[in-house]
Amino acid sequence: MQLTCQDNITYITIKDVRYQVLEANQTEHTLKITRMDYLQGLCPSKLVNTSLDTDLFVYGSDYKNLTLFYGCALSNSWSPTNRSLPCNEASGEYVYPQFGSLLPPVLCKASVVVPVPPSLIDNDINDFNKIYTAIRDGFVVRWIGGIEECMKCEKSGGVCGIDWYSNQTTCYCRDGPCSYLSSPPVIPTQLVLYDVGQTVKVYLGLIPRVLPLGNSEVFT
């Protein structure tokens, strides 16, 4: 699991889909994320379902699935104005939203499933702004990978993290070895990132604090 930072915005990629991180709660081990490809409208260039790496994440709150159907054929009894939405406010293309796994009344070429809050109801299905806002506002995930190991590490006085190269949970110590590991590395007091946008380590038990420092960023 890796986060990238660019222009004071944090990103994470899960199952080849890039998300912007809106909030991070180190106590609850949660991230609130939103899909980057849906920030400009309802019709991204690449149609990919929202899915989690279940070894690392679970949904942090109750959500229900909204399916967006694309390339739906016209018929004598159905047209784009029947319960469908424009891709964006200036587009001539349409998307057909449907809760759950129900199919639309016509043949469509593709579909994408996205999580939305339970407060979005059937009466909102024809409202572009409500659908777009529900997707744009994102959803909460809770990371579960390495949590047991992290608890042992933190109880021993260490700081839990992910090793960038091995992608394994690692226990770091500031002053000498941790009892959890026989010969753990010593974590530096500061991590300096000179090129904004470079991939950085993610601490599962500790979200780094970012401080501006000229053309670099310092994580403490």
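Asp124 counts as buried in this predicted model, at 9% relative accessibility, where buried means under 20% relative accessible area, exposed means over 50%, and partly exposed lies in between (1.4 Å probe, protein chains only). Its partner in a salt bridge is Lys130, with 3.1 Å between the closest N and O atoms; a salt bridge is defined here as a side-chain nitrogen of Lys or Arg within 4 Å of a carboxyl oxygen of Asp or Glu. Lys130, at 42% relative accessibility, counts as partly exposed. Side chains of opposite charge can pair when their charged atoms come close.

The structure holds three salt bridges. One of them joins the side chains of Arg35 and Asp37, with an N to O distance of 2.8 Å. Arg35 is buried, its relative accessible area being 3%, whereas Asp37 is partly exposed at 28% relative accessibility. Another salt bridge links the side chains of Arg136 and Asp137 at 3.5 Å, again given from N to O. In this pair Arg136 has a relative accessibility of 34% and counts as partly exposed, and Asp137, at 35%, is also classed as partly exposed.

Backbone angles were examined as well. Asn8 has a phi near 65°, which is a positive value in a residue other than glycine. Asn8 is located in the loop that runs between β1 (3-6) and β2 (9-14), the strands (E, at least two residues) and helices (H or I, at least four residues) being DSSP runs numbered from the N terminus. With a relative accessibility of 72%, Asn8 counts as exposed. A positive phi, near 70°, is likewise found at Asp16, a residue other than glycine. Asp16 belongs to the loop between β2 and β3 (17-25), and the residue is exposed, with a relative accessible area of 74%.

Confidence in the model is expressed by pLDDT, the predictor's confidence in each residue, from 0 to 100. For the protein chain the mean pLDDT is 74, and 68% of the residues reach 70 or more. Over residues 181-220, pLDDT stays under 50, and for this stretch the model has 99 contacts beyond four places in sequence, a contact meaning heavy atoms within 4.5 Å.

Residues are numbered from 1 along each chain as its sequence is written, and side-chain values use heavy atoms, with hydrogens and water left out. As the model is predicted, local features need pLDDT of at least 70 and side-chain atom pairs count only at pLDDT 80 or more, while totals for chains, interfaces and linings use all residues.
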